[in-house]
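Here are my notes on the model you sent. Please read them with the structure open beside you.

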Amino acid sequence: MIPVEFRGFAWRHAGRRAQAVSGVDLRVEPGERVLLLGPSGSGKSTLLAALAGLLTEDSGEQDGDVLIDGKPALEQRDRVGILFQDPETQLVMARSGDDVAFGLENQAMPRDRIWPRVHEALEAVGFPYGVDRATHALSGGEQQRLALAGVLARRPDLILLDEPTANLDPEGAQDVREALRAALADTQATLIVVEHRVAEILDLVDRVIALGPGGALIAEGPAEAVLAEHGEHLAAQGVWVPGVPLPTRPAANAGDAALRGESLTLVHTGSDAPALEDVSFELRQGELLAVTGPNGSGKSTLALLAGGLVKPTRGHATVPGEPRPLHRLPARRLATRVGSVFQDPEHQFVTATVKDELAFGPRQAGWPKDRIEARVAELLERLRLAPLANANPHTLSGGEARRLSVAGALAAAPGVLLLDEPTFGQDRRTWGELVDLTADIRDEGTALLAVTHDRDYAAALAGRELVLGKGRLAEEHRR
Amino acid sequence: MTLTLAPVCDAQAPIARVNPVAKLAAVAAVSTTALIASDWLTPLLLLAALLAAVPFSGIRLGELARRLRWLWFAAGTVVAVNAVFAAEQTGRILIDLGPLTIGTGALLDGTAIGLRVCVAATAGVLGFATTDPTDLADALTQQLRAPARFTLGALAALRLLPLLTAEWRQITSARRARGLEGGWNPVRRVRLFASTMFALLVGAIRRAGRLAAAMDARGFDSEIPRTHAREQRMRPADWIVLGAAPLVCAAAVAVSAACGVFTAFN
């Protein structure tokens, strides 16, 4: 149990002009459990990194103090444990037990004491396998629980959680939250959590601290009081405040068929079980069809096959007026028929400016110059990207990058748009923007298919839903 | 295709249980001898010794053949190229088709070079297919005092390799969706390859940075000397392997010299 204190803390990352946070004065009492809230850009992650002793002298410029138990955080690293959001880049070793042991070896713990600790930590997080389990064979939720075990094994006096469930599917996130709950019941450690999804984490914390841009304090106090008083404001800033209703955008009637998938099947080479088996469906103009199902059920595979991006083992996807199946179309023609938006927007960026990114598809399709210019101007305006027209796509914020990837896929005016997890990991504000954006596109007559785990997104927009299970179509229903 | 370097043998097989550093030294001794000797008999004897060791490696024969097929194909090519394009065709002429002439001397020289490649390849596969990368890193740190920054850093990077394969596939699909693909145009293909590689690299560097931060957060950069959760020791059997490898090499050279065919550095 140790106190934590920021005194007039400011931090500027090396190579940046603006400070990430400035003038931060915060105190967390020993054993207290605090939820840190705030919009993107409020510097929450910077504060956690400072506490974890990761803001070293060569990585930027600091003002003020970060004190853990009265001493600078950089000297207290051994007493602090931090869990990041991406499980893939936290695991070090090939075997699960070795990974938990890694942090103990760094503490110079003798071998005979390491392994009892490893087993204890794995048990605390409900890790379902033995110590020899290969870390690459774990699901995201299991990897994150293993990473948590790695943190707990070091018995930190201060535990920091940086959006621990943001990169997980709903089942994985649920498992991690349960592991956290069980593990925290056994420890007296001081806890600081950063999380957008407030509802799921509220019962773990005593106090909420809400930050504004640059780390300015907006409000603090017991969760109920802060959320009751500042809920609307925080929701508008992007926090998922429980009880603030979400918008819905029901669709008008769907039109004619815009894309047909027939017996779509994909078997990966060297694998027995098909990733997708015999799925047929029809997608109509002006509707959003949600594709749901647990991880590994073939949702993303369906999007790849329906988008003509991967050659199916059997079956094919077609659009009216195009005799060839989509996977056999040349790419530049495909982009005028079906647009695909991937989970990671950066994978799709192929030029150096936002403007060029929007002009790319039409150029490939051989549109005349004035038509391209008009289209780019229209998209910049509609997606509120005009001020960023000359920015490099890789420098955009999460929400902006996502808007740009949608705009890029729409640029060559395809009649069908396929989206893979469009709202994954987004804050509430970006979420609302994406709902409005996709609803507008849909209402103009474009056919939309969205692969999603997000119940709220499907509820807000989808007219129909395909539920997949183990690569097959489990059910299809109207909403 | 996934890139993993997990061992493919029975973990309890005698060779699999040998300390990785001892194994590495043995592989180095055999390969070096084969590459230095330039006659045909020395590498042939070494190859025989390696094949005699195969049953103790716990690698299934099918798997071994699968791993070796390209390497042996390469060795075969080396034989053919060296025989056909030898500076002088000496000895009895075996084939004489105008420009294509192969004599016994050139064929023998080519075979010797091919055999040397075979020995190095087989020794390498026997060594690495029976060694878990984690054990190798542990042994390098504990027996050779290699810095943990290097060995564990390499291990952590190895863990991220399979992600790269998946990401490559994703980027390729994402680019086709944008209207970008190589098609039949070789120039466009090369440019697309380069830009995909660049995107992959950017992602990999970002990931490596995050991983490094996570490792440091768990105390990897503290100055305390680390302990080792898994012990790697040199047991008597390991010392025997370490000592036997140079002996086998010496014996091969001695037999070859006794037969009057041994040459080196050619």
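1. Start with the open sheet of four strands in chain A. Its order is 2-1-4-5, with antiparallel pairing. Strands here are DSSP runs of E, at least two residues long, and helices are DSSP runs of H or I, at least four residues long, both numbered from the N terminus. Two strands pair if DSSP finds at least two bridges between them. Strand 2 (21-28) and strand 5 (71-72) of chain A are the edge strands, and each pairs on one side only.

2. A note on reading the numbers. This is a predicted model: local features need pLDDT of at least 70, side-chain atom pairs count only at pLDDT 80 or more, and totals for chains, interfaces and linings use all residues. Residues are numbered from 1 along each chain as its sequence is written, while chains are lettered from A and ligands numbered from 1 in the order in which they are written.

3. Within that sheet, strand 1 (residues 4-13) and strand 4 (residues 60-68) of chain A run antiparallel and are joined by eight bridges. A:Arg12 has A:Glu61 in strand 4 of chain A as its bridge partner. Helix 1 (residues 44-51) of chain A packs on the sheet and touches strand 1, strand 2 and strand 4 of chain A. Contact means C-beta atoms, placed from the backbone, within 7 Å. The direction of helix 1 makes about 115° with that of strand 1 of chain A. For that angle, axes are lines fitted to C-alpha atoms, for helices over the stretch in contact, and angles run from 0 to 180 degrees between N-to-C directions.

4. Chain A is divided into domain 1 (4-237) and domain 2 (257-478). The bounds come from an automatic or database domain assignment. The C-alpha centres of the two domains lie 34 Å apart. Their contact takes 12 residues from domain 1 and nine residues from domain 2 of chain A. On the domain 1 side, helix 5 (170-185) and helix 6 (223-237) of chain A each give two or more residues. Helix 6 of chain A gives the most, with three residues.

5. Where does strand 17 (residues 447-451) of chain A sit, buried or exposed? Five of its five residues are buried, so strand 17 is largely enclosed by the rest of the structure. Buried means 20 or more other C-beta atoms within 10 Å of the residue's own; exposed means 12 or fewer, and partly exposed lies in between, with C-beta atoms placed from the backbone. Both faces are covered: A:Ala447, A:Leu449 and A:Val451 lie on one side, A:Leu448 and A:Ala450 on the other.

6. Strand 17 of chain A also has parallel neighbours. Strand 13 (residues 288-292) of chain A joins strand 17 through four bridges, and A:Leu288 has A:Leu448 as its bridge partner. Strand 16 (residues 416-420) of chain A joins strand 17 through five bridges, with A:Asp420 opposite A:Val451.

7. A:Lys470 is found in the loop between strand 18 (464-469) and strand 19 (472-478) of chain A. A:Lys470 is partly exposed, because 15 other C-beta atoms lie within 10 Å. The C-alpha atoms of A:Lys470 and A:Glu142 are separated by 19 Å, and these residues are 328 residues apart along the chain.

8. Finally, the chain contact. It takes 54 residues from chain A and 41 residues from chain B. Helix 2 of chain A gives the most to the chain A side, with seven residues.

Note on methods:
Contact = placed C-beta atoms within 7 Å.
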